[in-house]
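Please read this report with the sequence and the model side by side. It goes through the contacts with DNA, then a sheet, then a pair of helices.

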Protein chains: 2
Amino acid sequence: MDAEAIKLSLEESGLRCTSQRYAVMAFLLEHNQHPTAAEIFAAVNRLDPRSSRATTYNNLRDLVQAGLVREVAAEGRAARFDAKGMRHHHFICDGCGSVEDIEWYDVPKPGSRSLGKRILRECELIFRGRCTRCAPRHDPRKAF
Amino acid sequence: MDAEAIKLSLEESGLRCTSQRYAVMAFLLEHNQHPTAAEIFAAVNRLDPRSSRATTYNNLRDLVQAGLVREVAAEGRAARFDAKGMRHHHFICDGCGSVEDIEWYDVPKPGSRSLGKRILRECELIFRGRCTRCAPRHDPRKAF
DNA sequence: TATCAGATTAGATATAATCTAATTTTTCAT
DNA sequence: ATGAAAAATTAGATTATATCTAATCTGATA
């Protein structure tokens, strides 16, 4: 996605394309490692334009509300973010906690009986196990 | 699950059945609303035996490591916990953030091509939308 | 150009989780 | 039973993460 397309997608969502907001969005589009807010804050401040911590959090919140960014469901304490590009599932490593993308495929919906009166918007799969780097270690508590 | 069964399951996992640890486990088994650590801490301290915050966190960590409890993947800042009884999926409400159980059903695994060298342990579905209480509100930002 | 809503900022505050070091409890060999 | 060692608990300090506050800045537009 080029600069102009980012600008457009922000404005279509009713958000001004400020340089700080642009920087957050562009960083998320370039990095699909599900960075935390702190990582995004650090990355954005490595170059101009600078952005305060509050602004980084504000912009992340705005982008999530606008539907351009998603907050990834994972269990660490720091929220992780993801530009909503191609749909994908997630793989969370038991060993190192990293969150990786798994190619999207459709998932059977729950029956209307178990869904009840709830309104379903989307569903996503979370896989757990050991990532490529952590796979060889059988017990993470044993260093080697 | 009765008191004796809880005691046994703790001891089978190599954990002593202390009164504080028992209280955490018993509370999780009685409440499937995915309480946060703070809620568990408060609940356990409403009755005897008392438990310090550190102990509550320690015991939650031990129970998770032992595989008796799971930390739920959700995006709030406070971790939520879940006694591993019957398997189930999760429904997270866009409106109020509550996490509800959805009856378990099997899910197709990803192809070995997209899995690569990763070792898969389990998978779980996360549904999003509006829970029964929040379903009527079409736009959460508009009060009514 | 004046106005005003939206955006940004530094720093204070709030919230969640973990660490520390002292103490208590339990286990177990004797 | 007794004492030593291991495990668990504790209060309070500390760290990590996120949000709030109030002042200032920016840019669109009347």
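How far is a phosphate oxygen of DNA strand D from an N or O atom in the side chain of Asn59(B)? The distance is 3.2 Å, and it counts as a polar contact, which is a pair of N or O atoms within 3.5 Å (within protein, one must be able to donate a hydrogen and the other to accept it, and residues adjacent in sequence count only if both atoms are side-chain atoms).

This is a predicted model, in which local features need pLDDT of at least 70 and side-chain atom pairs count only at pLDDT 80 or more, while totals for chains, interfaces and linings use all residues. Residues are numbered from 1 along each chain as its sequence is written, chains are lettered from A and ligands numbered from 1 in the order in which they are written, and side-chain values use heavy atoms, without hydrogens and water.

**Contacts with DNA**

DNA strand D is surrounded by 20 residues, and the closest are Tyr57(A), Ala79(A), Thr18(B), Ser52(B) and Thr55(B). A residue is near a molecule or strand if one of its heavy atoms lies within 4 Å of it. Of the atoms of DNA strand D that come within 4 Å of the protein, 75% belong to sugar and phosphate. The surface near DNA strand D has six nonpolar, seven polar and seven charged residues. In this count Ala, Val, Leu, Ile, Met, Phe, Trp, Tyr, Cys and Pro are nonpolar, Asp, Glu, Lys and Arg are charged, and the others, Gly among them, are polar.

Helix α4(B) gives the most to this surface, with five residues. Helices (H or I, at least four residues) and strands (E, at least two) are DSSP runs, numbered from the N terminus.

DNA strand C has 21 residues around it, and among the closest are Thr18(A) and Ala79(B). Sugar or phosphate accounts for 74% of its atoms within 4 Å of the protein, and the rest belong to bases. Here α4(A) supplies the largest share of the surface, five residues.

| Protein atom | DNA atom | Distance |
|---|---|---|
| Tyr57(A), side-chain N or O | phosphate oxygen, DNA strand D | 2.9 Å |
| Ala79(A), backbone N or O | phosphate oxygen, DNA strand D | 2.7 Å |
| Thr18(A), side-chain N or O | phosphate oxygen, DNA strand C | 2.4 Å |
| Ala79(B), polar backbone atom | phosphate oxygen, DNA strand C | 2.7 Å |

**The sheet**

Six strands form an open sheet in the order β4(A)-β3(A)-β5(A)-β5(B)-β3(B)-β4(B), with mixed pairing. Strands β4 (99-103) of chain A and β4 (99-103) of chain B stand at the edges with a single partner strand each, so one side of each has no neighbour in the sheet. Two strands pair if DSSP finds at least two bridges between them. Strand β3 (residues 88-93) of chain A pairs with β5 (residues 119-130) of chain A in the parallel sense, over four bridges. Within this pair, Ile92(A) stands opposite Arg128(A).

**Two helices of chain B**

The axes of α1 (residues 3-12) of chain B and α2(B) come within 10 Å and cross at roughly 115 degrees. Axes are lines fitted to C-alpha atoms, for helices over the stretch in contact, and angles run from 0 to 180 degrees between N-to-C directions. From α1(B), Ala3(B), Ile6(B) and Leu10(B) meet residues of α2(B) that include Tyr22(B) and Met25(B); contact means heavy atoms within 4.5 Å. This contact has seven nonpolar, no polar and one charged residues.
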